[in-house]
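Subject: A structure for you to look at

Hello,

Here is the structure I promised to pass on. Please open it beside this email while you read.

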Amino acid sequence: MTAEQDMVAEQDAALAAGAHIPTLVDPSGAAASDGPADTAGQDRAAGADADELDDRESFALFEGDTGRLDGAQRRALLALLKHRYVSPALHPTEWRTILDAEDLLRSRLNDLFLELAVDRTAEVAFKRQASSESGRRPFPTLLHDTAYTREETILLVYLRTRLRTEQANGARAAIVEHDELLGFVASFRPEHATDRARDDGRVERAIEKLLTARVLLRTKDQRRHRIASVVETLLPLERLQELLEWLETQTAVEPATDALPPELLDDDSDEVATAEPTPSTPAAEDER
């Protein structure tokens, strides 16, 4: 009888006597078995890895894309960066996406030292530069502040007041006549200002800039404009009163100037700074 046959005979005898046979263990720590291996845990781990890979690939829009936003969210983020504001009237799809993914888009803007502001009452969303809590070391800036001219500010004062009146009367839209705007600015013209052609030209340019910035919205009639709700955000009521008092004082005692004091006129809705020179006016952001 061979040694192997002796070992088998001894194990058979031990089993007959009820003895326990130790299980052989391989060097990797897994129990050796002649039966089928239990692969359920391995299958689950492999499935989780595959799901994670599928999730990453589901966001990819081009080769090498590692972005974590889907196509609609990226378009909404781009609209926030590109335009002065996003609204359901001008960007209905992007507006809905912003409401659905507000926290996610805010996080992406925060990565650029920007904040996301969403005013559901006025139905506008816009970005603004984040400020350091300490104030000693400001963050790098992607945006730059602009100041409205005197004529632009007078127009904003009128548009804000007119919009408030129309809303109180239950109107669905506030429409202003072009000549109405010219006349209101002219009422703040000092008596000694006699060059009406030059002054009217300034007002025309101011109206055009507000149209380009989408503070005023064009209608089918070129001489009639609709007031955008974003004017409420640009000019809160407390600042409106300050500007009215300042304008009345300046009109009585001083000649017209090109711009109002920056402490009253800071434009809080910033523009994206680019490598190319851009005008420091609301017209710097074009709608494409």
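Below are some notes on aromatic rings and on surface charge.

This is a predicted model, in which local features need pLDDT of at least 70 and side-chain atom pairs count only at pLDDT 80 or more, while totals for chains, interfaces and linings use all residues. Residues are numbered from 1 along each chain as its sequence is written, and side-chain values use heavy atoms, leaving out hydrogens and water.

Let's start with the rings. Rings of Phe, Tyr and Trp (its six-membered ring) pair if their centres lie within 6.5 Å; planes under 30 degrees apart are stacked, over 60 edge-to-face, and the rest tilted. The count comes to three aromatic pairs. In one of them, Tyr158 and Phe184 have ring centres 4.5 Å apart and planes at 35°, so the pair is tilted. This pair links distant parts of the chain, 26 residues apart: Tyr158 sits in helix α6 (residues 150-168) and Phe184 in helix α7 (residues 178-186). Helices here are DSSP runs (H or I, at least four residues), numbered from the N terminus.

Phe184 also pairs with Phe188: their centres are 5.2 Å apart and the planes at 65°, so this pair is edge-to-face. Tyr158 is buried at 15% relative accessible area, and Phe188 is buried at 10% (buried means under 20%, exposed over 50%, partly exposed in between, with a 1.4 Å probe and protein chains only).

On the surface, Glu238, Glu242, Glu245 and Glu248 gather in a patch of negative charge (patch residues have over 30% relative accessible area and no salt bridge, a Lys or Arg side-chain nitrogen within 4 Å of an Asp or Glu carboxyl oxygen; like charges are joined within 9 Å). Glu248 belongs to helix α10 (residues 237-253) and is exposed, at 52% relative accessibility.

Best wishes

Terms used. Patch = residues over 30% accessible without salt bridge, like charges linked within 9 Å, V, L, I, M, F, W, Y side chains within 5 Å. Areas by Shrake-Rupley, 256 points an atom, 1.4 Å probe, with all protein chains shown as cover. Lys, Arg positive; Asp, Glu negative; His and termini not counted. Charge placed at Lys NZ, Arg CZ, Asp CG, Glu CD. Helix = DSSP H or I, 4+ residues; strand = E, 2+ residues; numbered from the N terminus.
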